[in-house]
Amino acid sequence: MNVLFYIAASVAVICTIMVITNLNAVHALLYLIVSLLSLALIFFLLGAPFAAALEVIVYAGAIMVLFVFVVMMLNPESQTIRSRKQLLRPWIWLGPAVPAAILLGELIYVLTAGSGTFSVNAGVGPHALSRTLFGPYVLGVELASILLMAGLVGAYHLARPEARRMPEGDDR
Amino acid sequence: MVQLLWLIPALPLAGFVILALAGSRLPRRLSAVTGVGTMGVSAALTVWIAAGFLQGLPGHPAYSRIVWSWLAVGGLKVGISFYLDALTLTMMLVITGVGFFIHLYAAEYMAEDEGFSRFFAYMNLFVCAMLILVMADNLLLLYLGWEGVGLCSYLLIGFWYTDPANGYAARKAFVVTRVGDTAMAVGLFLLFDQLGTLQIQDLMIRAQGAWTAGSFLPTIAALLLLGGAVGKSAQLPLQTWLPDAMAGPTPVSALIHAATMVTAGVYLIARTHVLFTLAPAVMAVVAIVGAATLVLAGFSALTQKDIKRVLAYSTISQIGYMFLALGVGAWAAAVFHFMIHAFFKALLFLGAGAVIHAMNDEHDMFKMGGLRREMPLTFWTFLIGSASLAALPLVTSGFYSKDLIIWQAFASVQGGIGLWAAALAGAFLTSLYTFRMVFLTFAGPTRTPVTKRPGRAINIAMVVLAVLSLFAGFLEIPNTLGGGVHLFSGFIQNTLPATVLAVSREAYESLFEWISGGTALLGVAIIYVLILRVPDFTSALAGSPTGKLLHRYWFSGWGFDALYDRILVRPYVFLARIDRDDIIDSFFDLISWFGGLAHRVLSITQNGRMRTYAAGLAIGAAVVVGMAVLL
Amino acid sequence: MITIPTVHALLLAGVLFLLGFIGVMVRRNIIFILLGLEIMLNASGLAFIAAGFHWGRPDGQIMFLFILAMAAAEVSVGLALVLQLYHRIHTLDADQANKMRG
């Protein structure tokens, strides 16, 4: 069982290295998603199933997708993309596929291995978590919601196209 | 009555303040009344105090009055305190009396000048400073007055400041006297350091107790004080400033550069005579300086064209007589000559001023002439003054005062035949140049017409001084002339010791009287012949090669100006040019340069790139965490 | 039951954090800088989870939850700012935004 952790850890590290050394933004994002998935597995192994679920849903599912949208929108370095198109070899998509396959293997193993003695609820389950969350930490929850509201409003305002003319003062 | 002593300098000071602050707004008449009036009241007060003082003698030879505490620092306790004794009283009477008449004269003389109130402001300030100088109870206050008169001299010489030549003359006067002042300051430091006080009477007592005559310390101290005296009194080697100081208005020359300021050196030596008697070597130096100066200045006066320059060199020469007298221990004679000299020299200057005014600012004697008929009163008063200066026998005050010095230069224990010969030669030269001046100006044909006759104020001043020049001498008549009158020396002996005469020489007094009287008359006769009877021969003599060389040499004051220019001025200017960029200041420039360098280095870090800033944050955080962990 | 020394998990968190930090400092593209930030946030979340596992309490996960919420808000605002910046300098090169130099 312990070895699972180390495999997932090495997958995470390798994928992170691939993220930061990549030239193409979209490729880097994909590697990051794989890295996040491996982290989710690690959370699960560390007895935090709820955190694992959240990691996949929110982080890999929402935030990374947001990144992808923005990258697509900005469409930079088309030159790099063009040059990359020429070099589009199989090992470009083999890179993230292999670690993902490893993770998939681990997941299958975790789910099917043992006679159910591997309790998913080993560690802290959602029940205890929510009790603590809305108990002592309820203030933090409210603050987090305010933060998210502020983030929403701010993002909306900042990302608007030039509806109002900003003073062009950067020629000084 | 001594309670009012402080008023005497305070009144001219008040006059200065009023005129300085409000003078330009006052009408001329009021400025004149303020300027002359304060002098008048001061003079009256002085006379009154003198009367009281004379009554108080012999029981009370001196008064001391402290007005205000000035400094009390460490061991030095100095106050604004005045000291009144015979010597001070003599000086005060001359300063306020002659000063008053000169102010009166100036009220008319400067009547058309723009800076009228400024002139009287400066003059009043000068009189205040001079009075403080002579009344000071301690050397620091005396030095205050000393510097004050130096300042006023500068201001008044350069009075007509729009002409840069006047400014240079004023600057020269200030710088040269500064040399002397510095020596005097060092002398004060030495005295305070060794004896612990600057209170003059105290100082003299302590000096006598602590030092033996002829030892090193009193010699040095006296020499330094002599340096100051030489500078202020325009003696060798610091005499170069006085002829150029004639650039100032004539009343200034009369008051400052004839009667009072230049005699401050004489006063200083007389006041600290105890110190000088403790240093016989310095006394000898004083005498030699006096003798040399009087002869050199006499030669120079003989060649001058400007009437005021003749009088300037004459002043230098006469003060040389006073120094000579001080050097041989003839204290009373020196002070007596000072008083008489003040009278006739002021008179001569006032007369010269009247002449210059009448000739429409013409100074050159060779362009004057025949004024005897045009300005009779001026002529007679000027003649009286000249006679006094040349010490014509029996009738003039100058005879009694100058011949006393000439006699005591021989007869005193510290005198001798050499000094006497120098003094006699000087007397001969004096009558030569004096009457040359008189004959050129007043006799002969009229070369320039007279445009302005002197008015009442000028005439009154000149007449009063003429009377004094004639009759003041009778205060001190030698024994050989009918019994002798010793009013003045008796008066002065309350302060200054009597002159000790060498017994072996006393018998020659009568003979020497005749010799000096005869010399003066001989001089007059010779110059009369040379100028008025055989003028062509005289000009041929002057035009000969030797004559020309001598003339040039004497005319420039024996080349002192050129000498000083070569050995002092040029090296200094050379060094100043090297330091043109101010080497000392460049050290401070280094500080600012370094600041600029640091700025340039640090602004490299401000490259606007976010990644650099993030890197800085990271490194800083790593260092701090590392320190927290490791230390 | 997993028996991993907590230190290993924390070490993993440290390594990931460092990698993310390197990514922030080295890359010029703004998107990549933001990605590096996300990696760092994630790594710190992992550290919390590991701590929660060590003590057996839910507080680690709760902290992770808050970190998640904060990361979401930050990403949205950050990307909006990236859009604005792109409008201005027309490139995603962070070094081009150096008007504050000097």
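The second largest pocket holds about 590 Å³ of space. Keep in mind that this is a predicted model. Which residues sit nearest the centre of that pocket? They are B:Lys172, B:Val175, B:Val176, B:Tyr564 and B:Val569, out of 17 lining residues. Helix 6 (164-195) and helix 25 (560-578) of chain B each give at least two residues to this lining. By class, the lining has eleven nonpolar residues, one polar and five charged.

Now the largest pocket. Its volume is about 870 Å³. Here 28 residues form the lining, and B:Leu302, B:Arg436, B:Ile531, B:Thr538 and B:Ala542 lie nearest the centre. Several helices of chain B supply at least two residues each, among them helix 13 (280-303), helix 19 (417-442) and helix 22 (509-533). The lining splits into 19 nonpolar, six polar and three charged residues.

On to the helix pair. Take helix 15 (residues 331-358) and helix 20 (residues 456-471), both in chain B. Their axes come within 9 Å and cross at roughly 150°. Angles over 145 degrees count as roughly antiparallel, so that is how helix 15 and helix 20 of chain B run relative to each other. The crossing of helix 15 of chain B with helix 20 of chain B is left-handed.

Who touches whom? From helix 15 of chain B, the contact residues include B:Phe343, B:Phe344, B:Leu347 and B:Leu350. From helix 20 of chain B, they include B:Ile458, B:Met462, B:Leu465 and B:Leu468. In this contact, twelve residues are nonpolar, two are polar and none is charged.

Key: Residues numbered from 1 in each chain as written. Chains lettered and ligands numbered in written order. Predicted model: local features only at pLDDT ≥ 70, side-chain atom pairs only at ≥ 80, totals over all residues. Heavy atoms only, no water. Axes fitted to C-alpha atoms, helices over the stretch in contact; angles between N-to-C directions. Helix = DSSP H or I, 4+ residues; strand = E, 2+ residues; numbered from the N terminus. Parallel < 35°, antiparallel > 145°, perpendicular 65-115°, else oblique. Left-handed = near helix turned anticlockwise from the far one by under 90°. Contact = heavy atoms within 4.5 Å. Nonpolar A, V, L, I, M, F, W, Y, C, P; charged D, E, K, R; others polar. 1 Å grid on protein atoms, 1.4 Å probe; cavity = no way out; pocket = protein on both sides within 12 Å on 5 of 7 lines; lining within 4 Å. Points joined across faces, edges and corners; volume = space filled by probe spheres on them.
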